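Good morning, and thank you for coming. Please have the model open as I speak.

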Amino acid sequence: MSDKEPTIKPWGGRFSEATDQFVERFTASVSFDQRLYHHDINGSLAHAAMLTKVGVLSEDELKQIQTGLEEIRSEIESGQFQWSVSLEDVHMNIEARLTDKIGITGKKLHTGRSRNDQVATDIRLYLRDEIVSICQELSRLQQGLVELARREADTIMPGFTHLQTAQPVSFGHHMLAWNEMLERDYSRLRDCAARMNQSPLGAAALAGTTYPIDREYSAQLLGFDRPTENSLDSVSDRDFAIEFAAAGSLIMTHLSRFSEELVLWTSAQFNFIDLPDRFCTGSSIMPQKKNPDVPELIRGKVGRVNGHLISLLTLMKSQPLAYNKDNQEDKEPLFDVIDTLKDSLKAYADMVPAISVNAEVTREAAMRGFSTATDLADYLVRKGLPFRDAHEVVGKSVAYGIAEKKDLSEMSLDELRQFSTDINEDVFEVLTLEGSINARNHTGGTAPAQVRAAADRAEARLKQR
């Protein structure tokens, strides 16, 4: 990109002096918005086809524009295109190059539109495609979670509340809890894509155009459901970018929660799982270290995505109608949310299927902390004891176990009966870890049979996408 280029602008007729070189660099967006080139060209092709349909351009002019734009697309994709800061943005760079190639016909392309509706269209087209890519990575991660859940349906681990042992659960059940979060994320992204799938093209600068345009036709060519209703809103709306960033913040929050658990579970203190070496790094000083850098980094990246959401909200909060130059600041945060989401989801989708579970360790951990205490209380209730009385009995049993360093399942019948004579030999059926998780045999429960059934339902949903 060169600063030694003519500063004659396509809009320069009203101005008596050239743009200051610093201002030129300061206000230019081409360094980051050039990634919109593919969608900018597609939007221009649709606009040209529409202008031809309504008689503003001739068929010959349309062919010249089509040929020129496709040649420019090839130049960009082969790295031969020369981007110019003096031409400010991706739109003017492409238009200027088109005029260089095909002459005066290139100057006719912008008839009936403005950069305001042009960029609003480009961003929607671009984000629509990126949501498809992100949803594909989400689905790939979900498939990995479902397969891991099915594989570890019988593996027992402690379920936690307040990071304290609560009740035993299936490891597979835990994985499907993560999947449910991602299922909601997928739904939010699809809703966002559906809401923004309206074409601003034809709104022009803010008030529409005097040319006899056919907005329905250009919307159809670009795969939009319909044109937008109001020209003022069309060029200034960035709700869709904010909504996407909000959905992205939730996705990253979920990945951050997963990451926190993976970091804990890979530590020597937990040792629940092993991550493949290719997703970890070592220490420059401590040769024994295997650091879970990928989950840690993703846990950290949620901050930048949350920050971009606040940036976009703040950007729009005081803007009067219609378009303002402030809106140029929407792209960098939006683009970084997209890039961060895609990279983070790819890392997880690649990593999750390779997680190795240390089943003996997770089972032994579930034995600590009196995880079947609630099962004993439920047992006593079924024997006729009011729940609050059963709760007190079990509390005393646990206190005894702490003093004697014995789990409930390790106590003799006589030891248990000193707290309630309602306790009989059949109590040991509910005090085992297997008995505990198998007893929760209902939809959404942690019984292995229910985990497999839930995995089947989740996989069926994935196949319907």
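Before the first pair of helices, one definition is required: an axis here is a line fitted to C-alpha atoms, for helices over the stretch in contact, and angles run from 0 to 180 degrees between N-to-C directions. Please also bear in mind that this is a predicted model.

With that in hand, consider helix 3, residues 37-53, and helix 4, residues 59-77. Their axes lie 10 Å apart, and the two helices pack at an angle of about 175°. Angles over 145 degrees count as roughly antiparallel, and helix 3 is therefore roughly antiparallel to helix 4. On the side of helix 3, the residues that meet helix 4 are Y37, H38, I41, N42, S44, L45, A48, A49 and T52. Their counterparts in helix 4 include L62, I65, L69, I72 and I76, together with charged residues such as E59 and R73. Sorted by class, this contact comprises ten nonpolar, five polar and four charged residues.

From helix 3, the contact draws on H39, D40, G43 and S44, while helix 7 supplies Q118, D122, L125, Y126 and D129. The classes in this contact are two nonpolar, four polar and three charged.

How do helix 15, residues 373-382, and helix 16, residues 387-404, pack? Their angle is about 140°, with the axes 9 Å apart. That makes helix 15 oblique to helix 16, and the crossing is right-handed. Helix 15 contributes A373, L376, A377, D378, L380 and V381, and helix 16 contributes F387, A390, V393, V394, S397 and V398. By class, ten of these residues are nonpolar, one is polar and one is charged.

I move now from helices to strands. Strand 1, residues 156-161, and strand 2, residues 164-170, run antiparallel and are joined by six bridges. Among the bridged residues, M157 is partnered with V169, and F160 with T165. The two strands form a hairpin with two residues between them, and in the turn H162 has a positive phi of about 55°.

That brings me to backbone geometry. As a general rule, most residues other than glycine have a negative phi, and most peptide bonds are trans. A204, which is not a glycine, has a positive phi of about 60°. A204 sits in the loop between strand 3, residues 198-199, and helix 9, residues 215-221. The peptide bond from L321 to A322 is cis, with omega near 5°. A322 belongs to the loop between helix 12, residues 293-316, and helix 13, residues 331-351.

Finally, the whole protein. What does its secondary structure come to? The count is 20 helices and six strands. The C-alpha atoms fill a box of roughly 100 × 50 × 40 Å along the principal axes. The radius of gyration is 31 Å, whereas a compact globule of 465 residues would have one near 23 Å.

Conventions:
Residues are numbered from 1 along each chain as its sequence is written. This is a predicted model: local features need pLDDT of at least 70, side-chain atom pairs count only at pLDDT 80 or more; totals for chains, interfaces and linings use all residues. Side-chain values use heavy atoms; hydrogens and water are left out. Helices (H or I, at least four residues) and strands (E, at least two) are DSSP runs, numbered from the N terminus. Angles under 35 degrees count as roughly parallel, over 145 as roughly antiparallel, 65 to 115 as roughly perpendicular and the rest as oblique. A crossing is left-handed if the near helix is turned anticlockwise from the far one by less than a right angle, and right-handed if clockwise. Contact means heavy atoms within 4.5 Å. Two strands pair if DSSP finds at least two bridges between them. The radius of gyration is taken over C-alpha atoms; the globule rule is 2.2 Å times the number of residues to the power 0.38.
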